[in-house]
Every structure is written in structure tokens, then in C-alpha cells.
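Please read the numbered points alongside the sequence and the model.

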Amino acid sequence: MRGAAPESAEVDRLPGWVTLLRAPNPGPMTLDGTNTWILRAPGADVAAVVDPGPLDEGHLRRIAEFGPFQFILITHGHHDHVEGADRLSELLGGTAVLAADPAHCRNAEPLDPFESLGGNGLEIRVVDTPGHTSDSVSFLVECGDDRAMFTGDTILGRGTTVVAQPDGDLGAYLDSLELLSAYPEVLMLPGHGPARADTAERARFYLDHRRERLAQVAAAMAAGAETPAAVVDLVYPDIDPGVRFAAEWSAAAQLDHLRRKRMTP
């Protein structure tokens, strides 16, 4: 994209304490499928799991084979990340499910922003990153000298994230990207797509993309586009019809963001 920062490199080899299990739910919105991450420090008796994914019995039983788990962590409440959490907890005998939204918690209190979860060789800090959804969080995990940021859908390994109303908020999302841009040289492990070498670089790439797109939407508004469909016609003229609905979701959030900025003194 013209004017955008370069994307950080894809990562083929994960740290030894991280295992990727990809759910069998590929599609236009999930890319190759939801990434379920298993975290186990060397020599630890228990592990942690990030985003168990959809309610797919085979996938959940594969996850359970890596147990026991201290807890099941949820980045946000979209079904392709959280739908299987209850069943996985059941398979594991009641393992706690921790999420920002109490509706998705089991046997645990909701996560607090910037809360730290320690023990078993992992230090896990909750990073409040709303915007894609109101309950989106990321997890900064330290294991020895390694650090990794688990970003859910806030930043993907490939492509860009949809911010859809009413739960999504573009202003909050831009603030979250600014926050994540403060983590240079931290491995980024997303909810979909490949791992990336540098969380900060990927966040800046997203910020550049969003700012360029907002400028295009502002120009479309100046040309008379007042609805998401009209904005998509002008700004996304070559959109694949199969994902046009997602572009209209994004356009609605962009229009709302720009109108609110106009109203702010």
C-alpha cells in the first residue's frame, strides 16, 4: 500500500514453549482457520491455552491432549474464538475460562485490564485492546528471555481486521494500535494468519492503513457518499462480492468515526 510502513516478517519457527493448533474453520473471515495457542514453559506441569476456537469436537480433543491446563484464555467473544471454551473446560474437568466479558468466563472472575497472571514459568499480562470488539484483549507473555504478544483479532498475521458496529469502535481500535506499537521486537502471535516478528511494526502498518483508508472515506463523503454502501462503491470498487458485507461494516464504522470527529470541538 502506498505510504504504508513495511510489514514485519512472517515467522516460520515458533519458540519451544508455544504450540499452534489451527482450527478446521477456514474462510474469508477466518483465513486459514482460528489459531489456538498452547503455552507451556519448559519443565512445567501445566500449560495455558489461548482461544480454543469453534465448537469442533476433534479440534477440542486435540487441545485437551496437551493438558492439564492452568486456565483457558479468551482474546474476545467472537464465536470462532470462544465457542468451544465451555466444551473444552468440560473435557478438562472444569478448567477455568478467563475472559474480559463475564458472559464467557467459567469458574473465574473477568479479566482486569493489565492484570498479571503468573506461575508455572509463564508471566502473562492482560493488555486492554478494545476496538475490534469492546471486550478485546491481548496477552503479553514472558517465558525466560522470550516475549510474545497474542493479539487475537486486533492485529492479524495477514490482511486487516474488520471493525464492525455496534460492538466495534474505530476510535478505540486506533488507540489500541497505538498501544501495541510500543512493543518493538516482540513476537506477534495472532488469532488468524501467520506469526509476525515484530508487534510494533505490524501495529504501525495497521495504523498507516487505517489512516489512509480514513482519508479515502473522508474524500468519498466530500463527494456525497453518506451511506456505507455508497462509500464502498467509491473506496472499494474492486471488492469481492463475497466479502462486500465486511467492507460495508468497516465503512459504517469509518463514517461514524469521522462524523464524531467533526462534532468534537
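1. In which helix is Trp249 found? Trp249 belongs to helix 7, residues 244–263; helices (H or I, at least four residues) and strands (E, at least two) are DSSP runs numbered from the N terminus. The model is a predicted one, in which local features need pLDDT of at least 70 and side-chain atom pairs count only at pLDDT 80 or more, while totals for chains, interfaces and linings use all residues. Residues are numbered from 1 along each chain as its sequence is written, and side-chain values use heavy atoms, with hydrogens and water left out.

2. With a relative accessible area of 40%, Trp249 is partly exposed; buried means under 20%, exposed over 50%, and partly exposed in between (1.4 Å probe, protein chains only). Together with Met29 and Phe245, Trp249 makes a nonpolar surface patch of about 280 Å². Such patches take residues with over 30% relative accessible area and no salt bridge, joining nonpolar side chains (Val, Leu, Ile, Met, Phe, Trp, Tyr) within 5 Å and like charges within 9 Å.

3. Helix 7 also meets helix 6 (residues 228–235): their axes come within 8 Å and cross at roughly 110°. Helix 6 is therefore roughly perpendicular to helix 7, a term that covers angles of 65 to 115 degrees. The axes are lines fitted to C-alpha atoms over the stretch in contact, and angles run from 0 to 180 degrees between N-to-C directions. On the helix 6 side the contacts involve Pro228, Ala229, Val231, Val232 and Asp233, and on the helix 7 side Arg244, Ala247, Glu248, Ala251, Ala252 and Leu255, where contact means heavy atoms within 4.5 Å.

4. How many salt bridges does a search of the whole structure find? The search finds twelve, each being a side-chain nitrogen of Lys or Arg within 4 Å of a carboxyl oxygen of Asp or Glu. One of them joins Asp86 and Arg106, at 2.8 Å from N to O. Asp86 lies in helix 3 (residues 85–91) and Arg106 in the loop between strand 6 (97–98) and strand 7 (116–117), so this pair ties together parts that are 20 residues apart in sequence. Asp86 is partly exposed at 38% relative accessibility, and Arg106 is partly exposed at 30%.

5. Another salt bridge links Arg87 with Glu90, with 3.2 Å between the closest N and O atoms. These two residues of helix 3 are separated by about one helical turn because they are three residues apart. Glu90 is exposed, at 54% relative accessibility.

6. A further salt bridge pairs Arg211 with Glu178 (2.6 Å, N to O). Arg211 lies in helix 5 (residues 199–222) and Glu178 in helix 4 (residues 170–180), so the pair ties together parts 33 residues apart in sequence. Arg211 is partly exposed at 44%, as is Glu178 at 39%. Elsewhere, salt bridges with shared partners join Glu57, Arg61, Arg87 and Glu90 into one network.

7. The peptide bond from Gly67 to Pro68 is cis, with omega near 5°, and Pro68 sits in the loop between helix 1 (57–64) and strand 5 (69–73). The bond from Gln165 to Pro166 is cis, with omega near 5°; Pro166 lies in the loop between strand 10 (146–152) and helix 4.

8. Is Asp51 buried or exposed? Asp51 is buried, at 1% relative accessibility, and its phi is near 60°, a positive value in a residue other than glycine. Glu185 has a phi near 60° and is exposed, at 71% relative accessibility.

Notes:
Areas by Shrake-Rupley, 256 points an atom, 1.4 Å probe, with all protein chains shown as cover. Parallel < 35°, antiparallel > 145°, perpendicular 65-115°, else oblique.
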